[in-house]
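Hi,

Here is the structure I promised to pass on. Have a look at it first, and then read my notes below.

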Amino acid sequence: SKTMASGVTCTDKCIDAFNDIKLKKTCRYLMYKIAQEKEIVIDKVGERSCNFDDFKAEIDAVGNDARFAVLDYEPEPNKMYLCFVTWIPDNAPVRTRMLYASSVDALKTKLLGIKAVIQLTDHEDVTAEHFTSCVTRF
């Protein structure tokens, strides 16, 4: 796998799981984390029956750590938007913020078919209204 700015790489499983959500709609969201400061791995998989509130609860549970995520956001029935989400909270440790910020492209550039990129830095940003405004801009 190609190495990017931070030296962090992304596992093939990360991309395979994304292709499954994109093509087969196997789950609702994927949460990714950086393990040992060197590799992006899958942290959580949300069942297809999950909704936005479940996704929000997952982000809230991460607290002041950071995550990348892919959410198949469905603001209304059968209207779906594959979103790439970065959760890099303002109150995360500086080292964590820098690591995630410099590693975004190691994952994002490999995920083909993303409709919107949503950058979250505060728990107050994690609302359906905010996501809807991001996806409907396109």
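Some housekeeping before that. This is a predicted model, where local features need pLDDT of at least 70 and side-chain atom pairs count only at pLDDT 80 or more, while totals for chains, interfaces and linings use all residues. Residues are numbered from 1 along each chain as its sequence is written, and side-chain values use heavy atoms, with hydrogens and water left out.

**The overall build**

The protein chain has four helices and six strands. Helices (H or I, at least four residues) and strands (E, at least two) are DSSP runs, numbered from the N terminus. Reading from the N terminus, the order is β-α-β-β-α-β-β-α-β-α.

How does the radius of gyration of the protein chain fit a compact globule? For 138 residues a compact globule would come out near 14 Å, and the chain has 14 Å, so the two agree. (That radius is taken over C-alpha atoms, and the globule rule is 2.2 Å times the number of residues to the power 0.38.) The C-alpha trace spans about 40 × 30 × 25 Å along its principal axes.

Of the 138 residues, 43% count as buried. Buried here means under 20% relative accessible area, exposed means over 50%, and partly exposed is in between (1.4 Å probe, protein chains only). The chain exposes about 7,300 Å², with carbon and sulfur atoms supplying 49% of that; the areas come from the Shrake-Rupley method with a 1.4 Å probe, and for residues only the protein chains shown count as cover.

Contact means heavy atoms within 4.5 Å. Among contacts in the chain with a separation of 6 or more, 62% are between residues 24 or more positions apart.

**Salt bridges**

How many salt bridges does a search of the whole structure find? There are 11, each being a side-chain nitrogen of Lys or Arg within 4 Å of a carboxyl oxygen of Asp or Glu.

One of them joins Asp20 and Lys24, whose closest N and O atoms are 3.2 Å apart. Asp20 is partly exposed at 27% relative accessible area, and Lys24 is exposed at 57%.

Another pairs Asp43 with Arg67, with 2.8 Å between the closest N and O atoms. This pair links distant parts of the chain, since Asp43 is in strand E3 (residues 39-47) and Arg67 is in strand E4, 24 residues apart. Asp43 is partly exposed at 23%, whereas Arg67 is buried at 10%. Both belong to a network of salt bridges that links Lys33, Asp43, Asp65 and Arg67.

**Arg28**

Arg28 is in strand E2 and counts as buried, at 10% relative accessibility. Its side chain meets that of Glu74 in a salt bridge (3.1 Å, N to O). That pair also links distant parts of the chain: Glu74 is in strand E4 (residues 67-76) and Arg28 in strand E2 (residues 27-35), 46 residues apart. Glu74 is partly exposed, at 29%. Leaving aside neighbours within four places in sequence, Arg28 is in contact with several residues, including Ile21, Gly46, Cys50 and Val70.

**Tyr29**

Is Tyr29 buried or exposed? Tyr29 is buried, with a relative accessible area of 3%, and it lies in strand E2. Leaving aside neighbours within four places in sequence, the residues in contact with Tyr29 include Ile21, Lys44, Asp54, Phe55 and Leu71. The side chain of Tyr29 also makes a polar contact with the side chain of Glu58 (2.7 Å). (A polar contact is a pair of N or O atoms within 3.5 Å; within protein, one must be able to donate a hydrogen and the other to accept it, and residues adjacent in sequence count only if both atoms are side-chain atoms.)

**Aromatic pairs**

A search of the whole structure finds eight aromatic pairs. Rings of Phe, Tyr and Trp (its six-membered ring) pair if their centres lie within 6.5 Å; planes under 30 degrees apart count as stacked, over 60 as edge-to-face and the rest as tilted. The rings of Tyr29 and Phe55 have centres 5.4 Å apart and planes at 65°, so this pair is edge-to-face. Tyr29 lies in strand E2 and Phe55 in helix H2 (residues 52-62), so the pair ties together parts 26 residues apart in sequence. Phe55 is buried, at 0% relative accessibility. Ring pairs link Tyr29, Phe52, Phe55, Tyr73 and Phe131 into a cluster.

Cheers
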